[in-house]
Structure formats: C-alpha cells, structure tokens
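Subject: Structure handover

Hello,

Here is the structure I said I would pass on. Please open it first, then read my notes below.

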Amino acid sequence: MRIICFFDLPTETLKQKRMYRYFRKTLISNGFEMLQYSVYVRTCPNRVFAKKFYKRITEKSPGEGHIRLLTVTEKQFEDMMLIIGEKAK
C-alpha cells in the first residue's frame, strides 16, 4: 500500500518559503520519497499504519496552500504509466 502526497504551497514570501521547506522536510523525515515535484510517496503495510501518517501530515501542514493524500494499493501503484516528453528549451 502506498500513500501519495500531492501539495501546492505558496512560496512568494520568506515565511511561505520557510513553511514549504519545513513541510517538505517533515515528509522526508516521515519516510516519504519524491516521485516528482510536489508529489511524495511512502510505502505502508496496511491502512491502519497509513492513517498514522494522515494525522502527522495534517498536524504539520502549513495554514496556506493545498495538500492531498491518496492511499493506493501496490497493484494500483504499479499500473501507473510514465510518459516522458522532450526537454523544454
């Protein structure tokens, strides 16, 4: 089972940038790995274990921005398709 954390946090002021870094470091210290920018993923053995991280992330979330948590099975995660385009010039 995997928890996927999607977030879009503002980074316009110094305080917002500090909160963004704090939130990102919180994810990393809780075992999340970056899947792509603003998308982090963590493996969990079951839903009960995953709910523990829902609570931790909720407690550490900054007051601004959007954070979404999604729990998917390993099979669903494996079915993800990766499409890579050309590099921007």
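Lys 75 counts as exposed, because its relative accessibility is 54%. Please keep in mind that this is a predicted model.

Salt bridges

Lys 75 forms a salt bridge with Asp 79, and the closest N and O atoms are 3.5 Å apart. Asp 79 is also exposed, because its relative accessibility is 52%. The count for the structure comes to two salt bridges.

The side chains of Arg 2 and Glu 74 meet in a salt bridge as well, with 2.8 Å from N to O. Arg 2 belongs to strand S1 and Glu 74 to helix H3 (residues 74-78), so this pair ties together parts that are 72 residues apart in sequence. Arg 2 is buried, with a relative accessible area of 19%; the cut-off for buried is under 20%. Glu 74, at 26% relative accessibility, counts as partly exposed.

The sheet and its helices

Four strands make an open sheet with antiparallel pairing, in the order S2-S3-S1-S4. Strand S2 (33-36) and strand S4 (66-72) are the edge strands, each pairing on one side only. From one strand to the next, the twist averages 30 degrees.

Strand S1 (residues 2-8) pairs with strand S3 (residues 39-43) in the antiparallel sense, over five bridges. Cys 5 has Tyr 40, in S3, as its bridge partner.

Helix H1 (residues 14-29) packs on the sheet and touches S1, S3 and S4. The direction of H1 makes about 175 degrees with that of S1. Helix H2 (residues 47-60) lies across S1, S3 and S4, and runs at about 175 degrees to S4.

Cysteines

How many disulfides does a search of the whole structure find? The search finds zero. Cys 5 is in no disulfide, and the nearest cysteine sulfur, in Cys 44, is 12 Å away. A disulfide is a covalent bond between the sulfur atoms of two cysteines. The cut-off used for the two sulfur atoms is within 2.5 Å.

As for accessibility, Cys 5 counts as buried at 0%, and Cys 44 is buried with a relative accessible area of 3%.

Regards

Note on methods: Residues are numbered from 1 along each chain as its sequence is written. This is a predicted model: local features need pLDDT of at least 70, side-chain atom pairs count only at pLDDT 80 or more; totals for chains, interfaces and linings use all residues. Side-chain values use heavy atoms; hydrogens and water are left out. Buried means under 20% relative accessible area, exposed over 50%, partly exposed in between (1.4 Å probe, protein chains only). Two strands pair if DSSP finds at least two bridges between them. Helices (H or I, at least four residues) and strands (E, at least two) are DSSP runs, numbered from the N terminus. Axes are lines fitted to C-alpha atoms, for helices over the stretch in contact, and angles run from 0 to 180 degrees between N-to-C directions. Contact means heavy atoms within 4.5 Å. A salt bridge is a side-chain nitrogen of Lys or Arg within 4 Å of a carboxyl oxygen of Asp or Glu.
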